[in-house]
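Student: I would like to go through the terms used for a structure and ask what stands behind each of them. Please show the entry to begin with.

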Amino acid sequence: MSKSFPGTTAVRDVSFTIERGEFFSMLGPSGCGKTTTLRLIAGFETPDADGGQVRLLGAVVNDKRPYERQIAMVFQNYALFPHLSVERNIAFGLEQRKAPHRVPKAEIADRVRSALQLVRLDPSTFARRLPAQLSGGQRQRVALARALVLEPAILLLDEPLGAIDLQLRKEMQLELKSLNKQLGTTFVYVTHDQEEALTMSDRIAVMSNARVAQLGTPAEIYENPRTAFVAKFIGESNFFDGRITERGAPGKGAGAWCEVEAAAGGHFRVPAQNGLAPGQSVRIAVRPEWLDIVPPASVPPGENALRGSVRDVVYLGETMHVVVTVRGGGDVTVAVRNEGQLINPLPWKRGDDAAVAWRPEDCQILEDE
Amino acid sequence: MGPGTLWMLAFFAIPVIVMCGYSFMPRGTYGGVDPGFTLEAYARFLHPVYLTILERTFVVALVCTVLCALTGYPVAYAIARSTKWRTLLLFLVVLPFWTSFLVRTFAMIFLMRDTGLINTWLLRLHLIQQPLTMLYTPFAVLLGLVYGYLPFMILPIYASLEKLDTSLLEAAEVLGARPTARFLRVTLPLSTPGLIAGSLLVFIPSLGSFLTSDLLGGAKGLLVGNLIQNQFSTARNWPFGSAASLILMTLVLIAVLIYLRLRLRPE
């Protein structure tokens, strides 16, 4: 489906299928179209007239208002009713049900209590409080309870963890993941935080400029990014451009390969994929953790290498990043595990001669965007 | 002492204290007051004639407030919902303030009197045979008051509605609320502060109004405002006028306190 607003196309030819019970995330920078897509699924927007469809549980729902779709939603700013207590907020959806689905008062009270317990808020403490008397994390849980009490088939979440501090956010990510598995509800999640998406999702749709750039499991997205955008947006990547000079036959233990003359000088090998022929330009992404940093004379046989000198050593806690300026300009970042700088420090410092090396198969050949 | 306190002192506290003093003093022979202490001004007020006037004033002010709320809320709602015409509409609401209230009230006379604009056209179109008596009736007084005070109701309600977070309405919609339910359970409760503010801004001044009832109500529609005005001009009974003012002020305070108490209880 596509969706345009005056002056801009927010969503362009976006198409995917979400499995029942899946935790599906839409990930991308601001303005990529992920929130608009979520609102199209919810029913707050309708697709442009050129044939886009939203199908929920098998039925086309283009003409259905949000309250006619079997969805519930958690909003970015929680949208709790400020004039209602926590229990009235949660009961709101149940109270709207008319005959023949009317819910009796006693049952409403029970379900509200269960919903509060589901999100780990003690009913006796929190039921009567007003949203203004809650912390950000507590409001988020109430918003979640308000949605889940309706036992929806599909739960839509619009960047719900944005305003919460890091520690609590990590806890909530695990809780959301566990709720998804426990309840079997399909979660459709929108976020700009790639770590969040990688942690929680079964599959991720990475979006950019109103389109889906890549759709896959966290492992597929992270280890096999298809475009430079995805390689850059998820984790970190070093990029190398070059032109193919020759294509070689498979050798002992290795498949067919191509020799590439790097734009920045030097050369490296990549696995030969279909369609790679001499004369073609190619761009690869190599993640910092796929690189090794070695003394220039000690490059392991068969590995690609670029020579340069160490520009910086960055302490990141779990990892160390060594930034090497290679011949031909350009910085390459190598990730090395931190074995404790106080007991076993890295032997690298600024100005040292070094080579960055990687096995030819440890790269991603990128498509044009 | 900040400027605000000085202002309140000079233009509010001191005059009220002076008036309070006058209300307990005997009436002067040629107007003004004589020294002394007496309760005769207050006792005089307890006469049925004056109590009727007080009751009538309250009823008129109440009906005026309710009518303003009923007509003002939809207008405020429409302005809050419009995007293109909003500035123009707000301008139109505020525009009457740029003309004198007296002039506007006279305009109502020209509209409503037997040879006025409305009657002339109704007669010309043969919709009526005799001119309708509109002027010098309670209807005329109410119309004049509502016309005068309507912007005071519209603007606070608009301010309340304009602040309403649209994501609340979306949340209500996705939870199953149809448009009517969304209005009754979300929009209306959250615009109540504006409604209260508007009601107070209409009720209190209309209690003290005397111009409208004087020009449009004739001799029969005497309100407390007219009574008090009289005491300080032709009747020359300052203590009585002061006593009436203070009684009115006290009753208003009580009414407002009760109203606020009722409205500010959480749901």
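Tutor: What follows is a set of questions and answers on this model, which is predicted.

Student: How do you know that chain A has two domains, and where do they lie?

Tutor: The bounds come from an automatic or database domain assignment. That assignment divides chain A into domain 1, residues 3-226, and domain 2, residues 238-365. The C-alpha centres of the two domains of chain A are 41 Å apart.

Student: Which strands form the open sheet of chain A, and in what order?

Tutor: There are five, in the order β15-β19-β16-β17-β18, and their pairing is antiparallel.

Student: What makes β15 and β18 of chain A edge strands?

Tutor: Each of them pairs on one side only. β15 covers residues 292-294 and β18 covers residues 331-337 of chain A.

Student: How many bridges join β15(A) and β19(A)?

Tutor: β15(A) and β19(A) pair over three bridges, again in the antiparallel sense. Here A:Val294 stands opposite A:Ala355 of β19(A).

Student: Is β19(A) mostly covered or mostly open?

Tutor: Mostly covered, with five of the six residues of β19(A) buried.

Student: Why is A:Ala357 called buried?

Tutor: A:Ala357 lies in strand β19 of chain A. The cut-off for buried is 20 or more other C-beta atoms within 10 Å. A:Ala357 has 22 C-beta neighbours inside that distance, so A:Ala357 counts as buried.

Student: Which residues is A:Ala357 in contact with, leaving aside its neighbours within four places in sequence?

Tutor: The contacts of A:Ala357 include A:Leu291, A:Asp292, A:Val294, A:Val299 and A:Pro300. Further ones are A:Glu303, A:Asn304 and A:Ala305. For a separation in sequence and space, take A:His267: A:Ala357 is 90 residues from A:His267 in sequence and 12 Å away, C-alpha to C-alpha.

Student: Why is B:Arg236 called partly exposed?

Tutor: B:Arg236 has 16 C-beta neighbours inside 10 Å. Exposed requires 12 or fewer and buried 20 or more, so a count of 16 falls in between and B:Arg236 is partly exposed. B:Arg236 is in the loop between α12 (224-232) and α13 (238-263) of chain B, and has a positive phi of about 50° although it is not a glycine.

Student: How many residues does each chain bring to the contact?

Tutor: Chain A brings 18 residues and chain B brings 15. On the side of chain A that touches chain B, β6 (71-74) and α2 (86-95) each supply at least two residues. β6(A) gives the most to that side, with three residues. By class, that side of chain A has 13 nonpolar, four polar and one charged residues.

Notes
Residues numbered from 1 in each chain as written. Chains lettered and ligands numbered in written order. Predicted model: local features only at pLDDT ≥ 70, side-chain atom pairs only at ≥ 80, totals over all residues. Pairing = 2+ DSSP bridges. Helix = DSSP H or I, 4+ residues; strand = E, 2+ residues; numbered from the N terminus. Contact = placed C-beta atoms within 7 Å. Nonpolar A, V, L, I, M, F, W, Y, C, P; charged D, E, K, R; others polar.
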